[in-house]
Amino acid sequence: MSKTIITSDSTADLDYLFAERNIPVMPLTVLLGEREGLDGVEITPKDIYEYFDKTRTTPKTAAVTPERYYEFFKKYTDEGCEIVHFTISSDMSSCYDNAVQAARQCGGVYVIDSLNLSTGIGLQVLYADDLAKEGLNAKTIAEKVNARRAAVQASFVVDTMSFLYRGGRCSGISAFVASVLKIHPSIFVTGGKMVVGKKYMGTTDKAIMKYVSDTMAAFTHPDKKYFFVTHSSASPQTVEKVKEAVRAVYPDANIIETVAGSTVTSHCGKGTLGILYYNDAE
């Protein structure tokens, strides 16, 4: 029986957990003007904040090419392994299509379109890794992950709309009005796309805490094995308040704090925070 390897793009934002589990990561490319580097390897969120502060320009990201995916997969298929690989939503990047193209050349590679981003992908990767540790083969793991994919609750609230506006994800009028009125929109990932949810007024802290309360009230069946609080450099005090709010409702939840990587930060900016979990528990 072939050994099954679980792999992921860097957009899952779980590098340290993946390192602990020996899950290989394929980094995307981040472009800061003329500077180009690999997500999490050569360019970090700190670089992005500095670039934006200096240029008032948001970074760009580039999908992994089929050639890079082929080289990445072939290392493991040449050793007789099968692979289950996860990409960011195909509606947000061409990574999925490029990975599928490379997988056809290699054979033995099952590419999962996560229909998600950040730890919305990470939840699926960890689930797949748990299944692999149980001894399931790659085909069965891919089927189980895809069957559960729609249960991922992935959402966040943004501190500033500058990055969404400059990245072409909201209109200039919306960004201006939001900045004047201090509106913080919540963003939900639905069917692989980002859609705007409730809009919160007031301070960032108040907006985040109301978002957390509303989200837990709307999605009431969390699988508490992995309950992510994911943010892009939110204040430690805010993050702790969010954890306390989650514990107040789900005291036995395994809360994992993660920091968004360069790709997600490029699109959402500093101060973004979300809670993410599988919403399919009994």
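Buried here means under 20% relative accessible area, exposed over 50%, and partly exposed in between (1.4 Å probe, protein chains only). By that rule, both Tyr 69 and Phe 73 are buried. The model is predicted: local features need pLDDT of at least 70, side-chain atom pairs count only at pLDDT 80 or more, and totals for chains, interfaces and linings use all residues. Residues are numbered from 1 along each chain as its sequence is written, and side-chain values use heavy atoms, leaving out hydrogens and water.

**Nonpolar cores**

- A nonpolar core is a set of buried Ala, Val, Leu, Ile, Met, Phe, Trp, Tyr and Cys residues joined through side-chain atoms within 4.5 Å.
- The largest such core has 51 residues, and Tyr 69, Phe 73, Phe 86 and Phe 228 have the most contacts inside it.
- Helix H5 gives the most to this core, with seven residues.
- Another core, of 19 residues, lies apart from it; among its members are Val 157, Ala 234, Val 239 and Ala 253.
- Phe 86 touches residues including Ile 6, Ile 112, Ile 121, Val 125, Ala 128 and Val 145, not counting residues up to four places away in sequence (contact: heavy atoms within 4.5 Å).

**Aromatic pairs**

- Rings of Phe, Tyr and Trp (its six-membered ring) pair if their centres lie within 6.5 Å; planes under 30 degrees apart count as stacked, over 60 as edge-to-face and the rest as tilted.
- The count comes to seven aromatic pairs.
- Tyr 69 and Phe 73 are stacked, at 5.7 Å centre to centre with 20° between the planes.
- Both lie in helix H3 (residues 66-77), four residues apart, about one turn of the helix.
- Phe 72 and Phe 73 are tilted, at 5.9 Å and 55°.
- Phe 72 and Phe 73 are both buried.
- Ring pairs link Tyr 69, Phe 72, Phe 73 and Tyr 76 into a cluster.

**Helix H6 and Arg 148**

- Helices (H or I, at least four residues) and strands (E, at least two) are DSSP runs, numbered from the N terminus.
- The buried residues of H6 (residues 138-148) are Ala 138, Ile 141, Ala 142, Val 145 and Arg 148.
- They lie on the same side of H6, because they cover an arc of only 140° around the axis (taken from the directions from the helix axis to the C-beta atoms).
- They pack against helix H5 (119-133) and several strands, including E1 (4-9), E6 (82-87) and E13 (273-278).
- The charged end of Arg 148 sits over the ring of Tyr 127, 4.7 Å from its centre (rule: NZ of Lys or CZ of Arg within 6 Å of the ring centre and within 35 degrees of the ring normal).
- Arg 148 also lies over the face of Tyr 278, at 3.6 Å from the ring centre.
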